[in-house]
Amino acid sequence: MKVKKYRAASMPEAMKLIRSELGNEAIILNSRVIQTGGFLGLFKKNSIEVIAALDAMPGEQNKPAIKEKQKPVETLAPPTKTPIKKSADNQNALLSEDLQKELTELKALLKNVKLESNEGIPLPDPIQDTKRWLTNQGIDQELMDSLMKASIELWYTNGGEMSRDEVRKWARDYLIKQINHLPFGGISFAKKYILVVGPTGVGKTTTLAKVAADCILKYKKKVAFITTDTYRIAAIEQLKTYANILNVPIEVCYNLEDFQKAAQIFSDYDLVFIDTAGRNFRNRKYVEDLNQIIDFQKDIETFLVLSLTSKQIDMEEIYQQFSLITIDKMIFSKADETSTFGSLFNMIYKKEKAVAYITNGQNVPDDFITATPENVVNRIIGVD
């Protein structure tokens, strides 16, 4: 096996050197960033050091790589009268052959390497900066690996001429593309009953009041409240307070019969918001009890409220428990109480479920926004 070390200003230049000396069968053993030049420890430049090898055939160890076949010298043969015709497509293919070959080799190199700063292909500083930012935000590793491989391919395709802001904005577009197909946005107004569920302490009742107020003030809808949270007197009183402020009626339901009576009372209303008890999400029986109180035969749109201050593993367990009923969209609360939003994106991406609203405070009817792929990713990526 012939092994040789190469140094170049960039990975594409190193690849050209390797192909010219070892041929296209060479393999990359290792690569890293090194600093060269400088004076008294200053003004050093980054270079790429690549170790490549060629597993030569027996008897060919001392043979140099064949660069190009030499054409025979034609001194006596007369030129042919019939010119060789090449189509435009063939000419374009020949012109782009080197570029395509280089991209193919780069993709093959990226396929199985671990993209770290100290092993495999070194990440350029702007990409490393973006990776560090997203890691601190809590983006899942599988998605991170995919993003980094796409980023470094883009980097070398563009000749390594991308700033930190350009890489960050490209990463933003990449993340948006992963979730852009989902139906983000608030309530659809296609169904009359708006059911809000979730564990204790996530702010379900306050969130319900915010969305109801928005429907009344912005969309001029006739709204009513139903609460099935009969476990805490304070919860009933809280919703009654909001009902008085918004001047809407409220019914307390202890069982399915009460719910059906309330539905009859509110038959001529545009929207009926249903508040539910917040209890230990690990108790599967709590979710099953909802079927004993709420008539799911009605036209119901269901929103699962999750707190951004929760751990992602808890969010996933909550989601799994509530998947006993149909979840149409998620609502994320307490955005004002955290600075990391990776779990927000991870839940959307992994569950293939859109977000309706993000809340960021206690004020009713303010302190909430209608979610979009753009404002979700902007919170994560740190760009406008």
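Trainee: At what angle do helix H4 and helix H5 pack, and how far apart are their axes?

Mentor: Two packed helices are described by the angle between their axes and the distance between the axes. In this predicted model, H4 (residues 141-157) and H5 (residues 164-179) pack at about 130°, with axes 11 Å apart. That angle makes H4 oblique to H5. The crossing of H4 past H5 is right-handed.

Trainee: Which residues meet between H4 and H5?

Mentor: From H4, the contributors include Leu 143, Leu 147, Ala 150 and Trp 155; from H5, they include Val 167, Trp 170 and Tyr 174. By class, the contact has ten nonpolar, three polar and no charged residues.

Trainee: At what angle do H5 and helix H11 pack?

Mentor: H5 and H11 (residues 342-351) pack at about 40°, with their axes 9 Å apart. This makes H5 oblique to H11. Leu 175, Gln 178 and Ile 179 of H5 meet Phe 345, Ile 348 and Tyr 349 of H11. The classes here are five nonpolar, one polar and no charged.

Trainee: In what order do the strands of the open sheet run?

Mentor: The order is E6-E5-E7-E4-E8-E9-E10-E11, eight strands with mixed pairing. E6 (250-252) and E11 (368-370) are at the edges with a single partner strand each, so one side of each has no neighbour in the sheet. Neighbouring strands are turned by 20° against each other on average, direction ignored.

Trainee: In which sense does E11 pair with strand E10?

Mentor: E10 (residues 355-359) and E11 pair in the antiparallel sense over three bridges. Thr 359 stands opposite Phe 368 in E11.

Trainee: Which helix lies across E10 and E11?

Mentor: Helix H6 (residues 204-217) does, and the strands under it also include E4, E7 and E9. H6 runs at about 170° to E7.

Terms used: Residues numbered from 1 in each chain as written. Predicted model: local features only at pLDDT ≥ 70, side-chain atom pairs only at ≥ 80, totals over all residues. Heavy atoms only, no water. Axes fitted to C-alpha atoms, helices over the stretch in contact; angles between N-to-C directions. Helix = DSSP H or I, 4+ residues; strand = E, 2+ residues; numbered from the N terminus. Parallel < 35°, antiparallel > 145°, perpendicular 65-115°, else oblique. Left-handed = near helix turned anticlockwise from the far one by under 90°. Contact = heavy atoms within 4.5 Å. Nonpolar A, V, L, I, M, F, W, Y, C, P; charged D, E, K, R; others polar. Pairing = 2+ DSSP bridges.
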